[in-house]
Amino acid sequence: MKYDRTFNFSAGPAMMPEPVLEEIRDEMMNYRGSGMCVMEMSHRSAVYQGIIDAAEKDLRELMGIPDNYKVLFIQGGATLQFSMIPMNLMKNGKAVYIETGAWSKKAIAEAKKVGEVVVAASSKDKNYTYVPDCSDLDIPEDADYVYICENETIHGVTWQKLPNTKGKILVSDQSSMFLSRPCNVSDYGMIYAGVQKNVGPAGMVVVIIREDLIRDDLTDLPVYLQYKTHADAGSMYNTPNCWAIYCCGKVFRYLLDQGGLEVMNQKNIDKAKVMYDFLDQSEMFTGTVVPEDRSLMNIPFVTASKELDAEVVAATKAAGFDNLKGHKSVGGLRASTYNAMPKEGVEALVEFLKKFEAEHK
């Protein structure tokens, strides 16, 4: 495949599939004979209702979402869910959280403002470079749910096996691995994902929540912060992020046409292997995560010094590889290889890093 665009390794907003962007471009001025761009049309129109209905239908097919789960498209991104989740799901005022990186840490801080948080396991002792053993957690009887960030975007760790929640509801932040591999939705009470990493443009979160968890007794909670509000209104209590829903719908359809999540998972395994094989044999570059917990989506790595890290970042940018600087909280470098990153991009980056290493020995 000829590729004349920047290989964008950003952790998000991130690359989108080129065929999807081309289709959006072709519909920009006149969506299917409507005479309008999707950004201009009323969310109450029959045309737009068709767009949001198709997006939900395709996502349900893609993930095999059971009928007793609601699919919600909510503004505010994933960060708003750090607060909405405890506000809606803490019936007893207590929840269990597993701390595996920056995003689960932020979620814990927000949940503590709502109720009691039990951090049942943490990998903070080794700077979040692994996922702790969660096969036999100490979970209080009155805990309302168990919360994980299934892929930590900043630290590059991912869960290969879900925790033993001992019958409690599992809530998962899947933002940076959403739709990258098959997912058995019925294993979870709720899944959510900010869409700007692996699905579409920024500004929205997809929430997949089991119907029995949607409460109608939260009369003192602001109406927009209640899942019931969004479920009852079909995600259109107020004007939704129409453009993001439209773009995400395109990506859902594209992934189905590619063969679904099994196919994407294998492509992601193949891409990540190119990068990890290089890191494992390199004398200059080192992966920061234990091999068994490595993410297929976010690959952090370092050199021997901050100065050399900065030199590599500058060199990669000059060569046409963008956004490889590691998050400010951890430093180093990070390559995010979401669904839309072609394997050619990872191969080209590895060839550049090999050349850099050879020239700087």
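Leaving aside its neighbours within four places in sequence, which residues is Leu296 in contact with?

A: This is a predicted model. Beyond four places in sequence, Leu296 is in contact with Asn265, Asn268, Ile269, Ala272 and Thr337. Leu296 itself sits in a loop, between strand E11 (286-287) and strand E12 (298-302). Is Leu296 buried, partly exposed or exposed? Its relative accessibility is 25%, so Leu296 counts as partly exposed. Met177 is 119 residues away along the chain, yet the C-alpha atoms of Leu296 and Met177 are separated by 8.1 Å.

Now the strands. E11, E12 and E14 form an open, antiparallel sheet, in the order E11-E12-E14. E11 and strand E14 (333-336) are at the edges, each with a single partner strand, so one side of each has no neighbour in the sheet. Two bridges join E11 and E12 in the antiparallel sense. In that pairing, Thr286 stands opposite Val302 in E12. Helix H7 (residues 261-281) lies across E11 and E12 and runs at about 15 degrees to E12.

Next, the nonpolar cores. The largest has 58 residues, and Met63, Leu179 and Ile208 touch the most other members. Helix H6 (residues 242-258) gives the most to this core, eleven residues. Another core lies apart from it, with 29 residues, including Val205, Val207, Ile209 and Ile214.

Terms used. Residues numbered from 1 in each chain as written. Predicted model: local features only at pLDDT ≥ 70, side-chain atom pairs only at ≥ 80, totals over all residues. Heavy atoms only, no water. Helix = DSSP H or I, 4+ residues; strand = E, 2+ residues; numbered from the N terminus. Buried < 20%, exposed > 50% of the residue type's maximum accessible area, 1.4 Å probe, protein only. Contact = heavy atoms within 4.5 Å. Pairing = 2+ DSSP bridges. Axes fitted to C-alpha atoms, helices over the stretch in contact; angles between N-to-C directions. Core = buried A, V, L, I, M, F, W, Y, C linked by side-chain atoms within 4.5 Å.
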